[in-house]
Amino acid sequence: MEEEFYATVKLISGEEIICRLAYLTEEDTCLIHEPMLVEHVSRRKSNQNITGFTLTEWIHSTFDDLFLLPREHILTMTECCEKVEKFYLKCLSDDKKAKSLLRQQKERNRDNPEKIVPGYVGSVDQTRKILEKIFKGS
């Protein structure tokens, strides 16, 4: 296995992903870690078109973060520049935080419906009860 690096990979399917990649020479396969799909976005702001990209999960239906990608499925690849690498790591971190918060919300509903999870916007009824309790206590 060769050394890992952050790469932008264009697949023969047309998808573009960013991931941590290592080439497995014996299997002629790439091991990709935490791949994220590149999605192009375009916005109009102050009479100017602004284009860029955002990153989302590559495969939504699994909790795995390691995948084997046969080399024949790769059209081309390049090592990420530092800016793209930092953006990828930030998006990856944000994605993990969102999943963790979602898991906490599900556990909250199961264990104790009155428990407030940091960062969670509660229902109107719950918030009203909390505010009334604070108001009556002061």
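Student: Which pattern does the protein chain follow, read along the sequence?

Tutor: First, the ground rules: this is a predicted model, where local features need pLDDT of at least 70 and side-chain atom pairs count only at pLDDT 80 or more, while totals for chains, interfaces and linings use all residues. Residues are numbered from 1 along each chain as its sequence is written, and side-chain values use heavy atoms, with hydrogens and water left out. Helices (H or I, at least four residues) and strands (E, at least two) are DSSP runs, numbered from the N terminus. Here the pattern is β-β-β-β-β-β-α-α, which comes to two helices and six strands.

Student: How many of the residues are buried, as a percentage?

Tutor: Buried means under 20% relative accessible area, exposed over 50%, and partly exposed in between, using a 1.4 Å probe and protein chains only. By that cut-off, 25% of the 138 residues in the protein chain are buried. The accessible surface, from the Shrake-Rupley method with a 1.4 Å probe (for residues, only the protein chains shown count as cover), comes to about 10,400 Å² for the protein chain, and 54% of that belongs to carbon and sulfur atoms.

Student: And contacts? What share is between residues 24 or more positions apart?

Tutor: A contact means heavy atoms within 4.5 Å. Of the contacts in the protein chain with a separation of 6 or more, 45% are between residues 24 or more positions apart. H33 is buried, at a relative accessible area of 13%. Leaving out residues up to four places away in sequence, H33 touches C19, R20, D65, L66 and Y88.

Student: Next, the aromatic rings. How do I read a pair?

Tutor: A pair of aromatic rings is described by the distance of the centres and the angle of the planes. Rings of Phe, Tyr and Trp (its six-membered ring) pair if their centres lie within 6.5 Å; planes under 30 degrees apart count as stacked, over 60 as edge-to-face and the rest as tilted. The whole structure has three aromatic pairs. In one of them, F53 and F87 have ring centres 5.5 Å apart and planes at 90°, so that pair is edge-to-face. F53 sits in strand β4 (residues 48–57) and F87 in helix α1 (residues 82–111), so the pair ties together parts 34 residues apart in sequence. F53 is partly exposed at 33%, and F87 is partly exposed at 30%. Another pair is W58 and F67, with centres 5.7 Å apart and planes at 90°, so edge-to-face too. W58 is buried at 17%, and F67 also counts as buried at 17%.

Student: How many salt bridges does the search find, and which residues are involved?

Tutor: A salt bridge is a side-chain nitrogen of Lys or Arg within 4 Å of a carboxyl oxygen of Asp or Glu. There are five in the whole structure. One of them joins D28 and R71, whose closest N and O atoms are 3.0 Å apart. D28 is in the loop between β2 (16–24) and β3, and R71 in the loop between β5 (66–70) and β6 (74–79), so this pair ties together parts 43 residues apart in sequence. D28 is partly exposed at 29%, as is R71 at 46%.

Student: What about salt bridges within a helix?

Tutor: D94 and K90 form one, with the closest N and O atoms 2.9 Å apart. They are four residues apart in helix α1, so about one helical turn separates them. In helix α2, E132 and R128 are also four residues apart, about one turn of the helix, and their closest N and O atoms are 3.5 Å apart.

Student: Which residues form a nonpolar patch on the surface?

Tutor: Patches are made of residues with over 30% relative accessible area and no salt bridge; like charges are joined within 9 Å, nonpolar side chains (Val, Leu, Ile, Met, Phe, Trp, Tyr) within 5 Å. Here I130, L131 and I134 form the patch, with about 280 Å² of accessible area together. I134 is in helix α2 (residues 124–137) and is exposed, with a relative accessible area of 54%.
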